[in-house]
Amino acid sequence: MNEKQIETILRHYSTPLYVFDIKTLKNRVNYLKNKLPCDVSICYAIKANTFIVKDICDYADKFEVCSPGELMICIENGIDPKKIVVSGVYKDECFFEKMIDFYNEVNCFTVESLSQYEMLVRLARKHSKKARLLLRLTSGNQFGMDEKNIKQIISGYDKDFVSVAGIQFYSATQKTSLKKIKREIEYIDSFLSDLKSEYGFVSQEFEYGPGFPVSYFDTDDFDEEEYLSTFSELLASIRFKAKITLEIGRSIAAPCGNYLTSVVDTKSNKEQNYAIVDGGLNHITYFGQSMAMKHPYHGIYPNRSGGETRNWNICGSLCTANDILMKNTPFRDLKAGDVIIFENTGAYCMTEGISLFLSRALPQVVLIDEKDNIVSARQPVSTYKLNKVKREEK
């Protein structure tokens with residue numbers, strides 16, 4: 001955001017609020033595509049930010065959804081169902097019966113367990129449809145299935161009602177270790193080769209969640225250019241040539257977002273300076289933040305050139321000692337009415353925070369489109385009605 005945009009936004013909208021820059025978003029997707037091998041597809045995991053789904057419908061090759069709500073968001077935003085991958089550790093049978101009934105319009109379903117597989121096959125038979133599946137291989141946690149269960153499916157699936165397109169694998173987010181990614185890719189490569197040699201199964205697709213890291217703090221030491229270059233070399237080294245799709249959420253969405261919150265009070269307690277803001281940890285979370293000791297990338301409006309620089313503890317309005325956004329952060333002549341701008345907040349912040357705590361309103365969401373038009377995507381939402389008991393006499 002430039003200063004003129006900030007002025008316009010603050011003139012028309014009240015803090016706290018999120019601002020998502022669509023031009024930055026699209027540039028980010030294009031940047032990733034240019035740095036990755038040209039034959040690799042990108043699947044946007046919409047859990048990272050559902051407000052930007054419509055704006056990248058022509059930029060992402062696929063969209064991953066993990067709940068009925070996320071699926072409805074995609075459908076209502078006009079996303080082609082043929083681009084949707086329906087994932088998630090919990091698949092409600094009633095909902096999936098509706099999905100199977102028109103599954104021909106969905107790209108594929110992931111399978112996280114033998115019981116999920118059996119449910120999908122049963123529903124496919126019931127509706128005389130053929131379900132296209134990706135089998136999720138576990139990395140050693142609650143997600144996916146181990147090799148034994150996947151081989152059990154591969155060894156005898158009903159080809160009249162099931163088409164196994166390939167394997168899905170995801171282990172974690174914010175993976176800065178390319179050595180770990182190298183081990184994962186080699187493991188998948190070996191497993192796909194085993195499936196071919198043991199069962200004659202040739203995987204058409206490999207959907208991989210690489211967990212690309214995002215630089216959130218001023219102490220981060222991360223060379224993304226070198227990282228993506230080495231990552232692309234690792235992908236090229238795969239012997240088993242399946243179609244590769246990268247499932248990415250955080251790395252796509254984070255750079256397009258800013259969170260604006262206003263200083264509403266300042267004080268000094270026991271030689272420590274405190275600034276209270278109208279937002280807080282109910283609105284903003286940074287992966288890897290610990291007790292507010294790290295300083296996220298941030299700015300301030302207005303940005304003064306004069307005045308005394310002092311260290312400030314930036315605290316939210318939740319009336320809990322844990323609501324600290326930054327500790328001992330230098331600001332020049334900080335005053336009530338100033339607006340602190342937290343950067344790289346385009347992923348997860350608006351949904352991972354403890355939104356209902358203290359019954360404060362959900363923040364407004366504002367978009368800056370490619371023509372620099374500023375539009376409201378969501379008005380502030382009152383939450384107190386969600387936290388009160390409505391007693392009904394019987």
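What is the volume of the largest cavity? The points below take up that question and then turn to the pockets, the backbone, the salt bridges and the surface of this predicted model.

1. The largest cavity has a volume of about 60 Å³, and a search of the whole structure finds one cavity of 30 Å³ or more. Its lining is made up of Val65, Cys66, Ser67, Pro68, Leu71, Val86, Ser87, Tyr90, Lys91, Asp92, Phe95 and Phe96. Sorted by class, the residues of this lining are eight nonpolar, two polar and two charged.

2. **The largest pocket.** The largest pocket holds about 400 Å³ of space. It is lined by 23 residues, of which Ala45, Lys47, Tyr170, Glu247 and Tyr348 are the closest to its centre. The elements that give two or more residues to this lining are strand E7 (162–170), together with strand E9 (243–248) and helix H9 (250–253). By class, the lining of the largest pocket consists of nine nonpolar, seven polar and seven charged residues.

3. **The second largest pocket.** About 260 Å³ of space lies in the second largest pocket, and among the 15 residues that line it, Leu281, Gln289, Ala292, Asn322 and Ile324 are the closest to its centre. Strand E14 (324–332) gives the most to this lining, with three residues. The lining of the second largest pocket divides into ten nonpolar residues, four polar ones and one charged one.

4. **Cis peptide bonds.** Most peptide bonds are trans, and a student checking the backbone may therefore wish to look at the following two places. A cis peptide bond joins Thr15 and Pro16, with omega at about -5°, and Pro16 is placed in the loop between helix H1 (3–12) and strand E1 (17–21). The peptide bond from Tyr301 to Pro302 is also cis, with omega near -5°, and Pro302 is placed in the loop between strand E12 (298–301) and strand E13 (309–315).

5. **Positive phi values.** Most residues other than glycine have a negative phi. In Gln174, however, phi is positive, near 55°, and this residue is found in the loop between strand E7 (162–170) and helix H7 (178–199). Cys319 also has a positive phi, near 60°, and its place is in the loop between E13 and strand E14 (324–332). Are these two residues buried or exposed? Gln174 counts as buried because its relative accessibility is 16%, whereas Cys319 is exposed, with a relative accessible area of 73%.

6. **A salt bridge across the sequence.** Side chains of opposite charge can pair when their charged atoms come close. The structure holds 17 salt bridges, and one of them forms between Lys23 and Asp372, whose closest N and O atoms are 3.4 Å apart. Lys23 lies in helix H2 (residues 22–35) and Asp372 in the loop between E16 and strand E17 (374–378), so this pair ties together parts that are 349 residues apart in sequence. Lys23 counts as partly exposed, at 34% relative accessibility, and Asp372 counts as partly exposed at 40%.

7. The side chains of Arg132 and Glu205 meet in a salt bridge of 2.3 Å, N to O. Arg132 lies in strand E6 (residues 131–137) and Glu205 in strand E8 (residues 205–209), so the pair ties together parts that are 73 residues apart in sequence. Arg132 is partly exposed, with a relative accessible area of 23%, while Glu205 counts as buried at 9%. Glu198 forms a salt bridge with Lys151, the closest N and O atoms being 3.2 Å apart; Glu198 lies in helix H7 and Lys151 in helix H6 (residues 147–156), so parts that are 47 residues apart in sequence are tied together.

8. **A nonpolar surface patch.** On the surface, Ile354, Phe357 and Leu358 form a nonpolar patch, with about 260 Å² of accessible area together. Ile354 is found in the loop between helix H10 (349–352) and strand E16 (364–368), and Ile354 counts as partly exposed because its relative accessibility is 49%.

Key
Residues are numbered from 1 along each chain as its sequence is written. This is a predicted model: local features need pLDDT of at least 70, side-chain atom pairs count only at pLDDT 80 or more; totals for chains, interfaces and linings use all residues. Side-chain values use heavy atoms; hydrogens and water are left out. Patches are made of residues with over 30% relative accessible area and no salt bridge: like charges are joined within 9 Å, nonpolar side chains (Val, Leu, Ile, Met, Phe, Trp, Tyr) within 5 Å. Accessible areas come from the Shrake-Rupley method with a 1.4 Å probe; for residues, only the protein chains shown count as cover. A salt bridge is a side-chain nitrogen of Lys or Arg within 4 Å of a carboxyl oxygen of Asp or Glu. Helices (H or I, at least four residues) and strands (E, at least two) are DSSP runs, numbered from the N terminus. Buried means under 20% relative accessible area, exposed over 50%, partly exposed in between (1.4 Å probe, protein chains only). On a 1 Å grid over the protein atoms alone, a cavity is a set of points where a 1.4 Å probe fits but cannot get out, and a pocket is an open set with protein on both sides within 12 Å along at least five of seven lines; lining residues have an atom within 4 Å of a point. Grid points are joined across faces, edges and corners, and a volume is the space filled by probe spheres set on the points. Ala, Val, Leu, Ile, Met, Phe, Trp, Tyr, Cys and Pro count as nonpolar, Asp, Glu, Lys and Arg as charged, and the others, Gly among them, as polar.
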